Amino acid sequence: MLRALGAEKELPQDQQGGVPDAMEHQGSGLAKRLATLLSGLVECMCFAGVIFGWTSLVYVLKGLHYFEDVCSPAVNQTANVTVCSAQDEKFSLIFTIGSFMNNFMTFPTGYVFDRFGTTAARLLAISSYTTGTLLIAFSSAATALMLFPALSLLSVGGILLILTNMQVGNLFGKHRSTIITLYNGAFDSSSAVFLVIKLLYERGLSLCSMFLFMSACSAWHLVRTFFLMPRHHIPYPLPSGYTYGLSCRRRSNSYRTYEEKRRPEGLDEDETQDGDHLHINSAFGEELITTKVITGKGTPGTLPNFKEPAIVSFRSCVFSKLFFWHLVWLSVMQLRHYLFIGTLNPTLEQLAGRDTNLVSKYTNAFAFTQLCGVLCAPWNGLILDRHKRGQKKEASSQGVPDSLADLRSCVLSLAITVLQCIAFSICASIPVLPVQYATFILQVLSRSFLYGGNAAFLAVAFPLEHFGKLYGLVMGLSAVVSLLQYPCFWLIKGPLQGDAFYVNIGLVVLMLLALVNPLVVWYEFKRRQKKQDATHNAESSN
């Protein structure tokens with residue numbers, strides 16, 4: 001770095017001719033960041049969230065006679081169509097456990113990511129994912145129980161892939177929220193992979209060969225892990241001259257550069273130096289403090305009269321109102337989505353009058369709409385980033401810190417997400433087959449906003465050093481709530497005799513609780529703004 005706390009240094013003699021090398025390094029650095037961004041997008045879109053295309057895979061598994069042994073022969077022989085609630089319950093239970101593992105295991109895997117870094121987390125993800133795909137590849141109708149561990153392993157591997165990729169947004173500064181939501185949209189779109197498997201199966205490819213190909217793709221994940229991802233974490237804000245990954249050049253053999261390993265005196269792990277500015281990760285993100293140092297008095301390299309910010313503990317984050325209502329916001333809407341996906345196949349069979357061709361047509365339509373998740377999710381990020389920039393301009397004129405402006409920008413995104421989910425639930429409650437096209441569109445919009453907004457909010461509202469643990473905890477606790485989908489499925493198939501209308505109406509009413517969260521965030525913003533103003537006035541009077 002040419003300047004430390006505003007004091008310029010002269011380049012050594014052996015580095016004075018290295019300006020072209022520096023420019024070349026900067027250009028290659030940008031190319032590498034773009035390669036990381038695009039390859040991460042492909043990884044999330046093709047692998048991370050495949051289990052949510054479960055409806056398409058169930059169609060294939062029924063064709064291969066999985067779990068038909070639990071059906072009574074009399075029912076099986078009716079019009080050559082398998083109409084078996086026991087079989088549907090098996091498939092629903094597999095998805096319930098898989099989706100539960102997708103969320104619940106996020107907390108321990110988030111701890112692994114925070115504690116041991118990106119490489120360790122990704123190696124665990126690749127191992128889990130490869131094992132899951134191999135189990136499905138070598139399963140059969142006689143060994144259908146292998147689907148239980150297989151889907152759980154796919155879930156754990158997929159959530160670790162998306163978790164390690166979301167930090168890529170830190171490489172692109174002001175577009176950070178857009179990239180986080182883009183990756184979450186790609187995660188949603190990956191459910192279309194099982195649609196591709198369904199279409200290829202209908203054209204003669206075996207389930208074994210397709211999942212063996214998915215297993216072989218682990219080699220690509222390994223290459224990306226070592227060459228296009230950091231060993232530890234990508235910091236935010238990004239230090240000057242930051243590099244990551246293995247490189248052919250000797251100077252880049254290390255995963256972390258000298259600047260990342262060594263911080264200037266007086267700066268702890270939550271602070272980074274950039275010229276005359278000091279970046280501090282506060283309780284609501286990062287704050288920028290101008291640190292022009294007057295030479296003469298004081299110890300060189302220290303900040304005179306600098307007051308260290310209070311450290312926000314993980315425990316205080318977990319027991320805050322902000323975290324609790326965000327958990328409620330995520331849990332009720334996630335339950336609605338999981339129940340919809342887990343019961344879609346039997347619901348379509350009922351609405352289509354057991355017409356196999358109609359069921360296949362609507363299953364394909366649902367899977368195709370999932371592909372649009374990667375296009376819909378960035379809209380939420382754009383809302384956050386554009387609204388945030390507008391709020392920051394207004395906040396700078398009022399003396400409000402950037403971290404509070406970030407928090408206020410989340411309110412609109414959280415409210416829009418709830419309204420979308422309520423609209424989707426209302427459409428899902430209408431037992432008319434053509435209406436389900438609108439349901440599919442609203443579902444992918446709502447789900448894209450839900451998970452992208454969840455990750456972006458946690459990155460903005462809480463300290464970055466707790467992001468992995470908080471993301472894992474909120475997903476894990478919401479997973480416990482998502483287990484209610486199986487009792488709901490039993491209620492529909494049993495006492496309600498296949499009529500999901502009353503369950504759907506109950507879920508619409510339940511989702512009104514999610515509207516509390518944006519109100520709590522707004523109240524928290526106003527409270528902290530008043531506290532900030534009081535502190536500012538007290539300092540001014542002194």
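Modeller: One term before we start: a salt bridge here is a side-chain nitrogen of Lys or Arg within 4 Å of a carboxyl oxygen of Asp or Glu. Also keep in mind that this is a predicted model.

Biologist: Okay, how many salt bridges does a search of the whole structure find?

Modeller: Eight. One of the pairs is R122 with E43, where N and O are 2.8 Å apart. R122 belongs to helix α6 and E43 to helix α1, so this pair links distant parts of the chain, 79 residues apart.

Biologist: Are R122 and E43 buried or exposed?

Modeller: R122 is buried, with a relative accessible area of 0%. E43 is buried too, also at 0%.

Biologist: And which residue does D88 meet in a salt bridge?

Modeller: K62, at 2.8 Å from N to O. That pair also links distant parts of the chain, with D88 in helix α4 and K62 in helix α2, 26 residues apart. D88 counts as buried at 6% relative accessibility, and K62 counts as buried at 15%.

Biologist: What about K198, which partner does that one have?

Modeller: E202, with the closest N and O atoms 3.1 Å apart. Both sit in helix α9, and because they are four residues apart there, about one helical turn separates them. K198 is buried at 0% relative accessible area, while E202 is partly exposed at 38%. Elsewhere, salt bridges that share partners join K62, D88, E349 and R354 into one network.

Biologist: Changing topic: which residues have a positive phi without being glycine?

Modeller: H65 is one of them, with phi near 70 degrees. F67 is another, at about 65 degrees.

Biologist: Why point those out?

Modeller: Because most residues other than glycine have a negative phi.

Biologist: Where does H65 lie, and where does F67 lie?

Modeller: H65 lies in the loop between α2 and α3, and F67 is in the loop between α2 and α3 as well. H65 is partly exposed, at 47% relative accessible area, but F67 is buried at 4%.

Biologist: Last thing, the surface. Which residues form a nonpolar patch there?

Modeller: F501, Y502, I505, V509 and L512, with about 500 Å² of accessible area together. I505 is found in helix α21, which covers residues 501-510.

Methods:
Residues are numbered from 1 along each chain as its sequence is written. This is a predicted model: local features need pLDDT of at least 70, side-chain atom pairs count only at pLDDT 80 or more; totals for chains, interfaces and linings use all residues. Side-chain values use heavy atoms; hydrogens and water are left out. Patches are made of residues with over 30% relative accessible area and no salt bridge: like charges are joined within 9 Å, nonpolar side chains (Val, Leu, Ile, Met, Phe, Trp, Tyr) within 5 Å. Accessible areas come from the Shrake-Rupley method with a 1.4 Å probe; for residues, only the protein chains shown count as cover. Helices (H or I, at least four residues) and strands (E, at least two) are DSSP runs, numbered from the N terminus. Buried means under 20% relative accessible area, exposed over 50%, partly exposed in between (1.4 Å probe, protein chains only).
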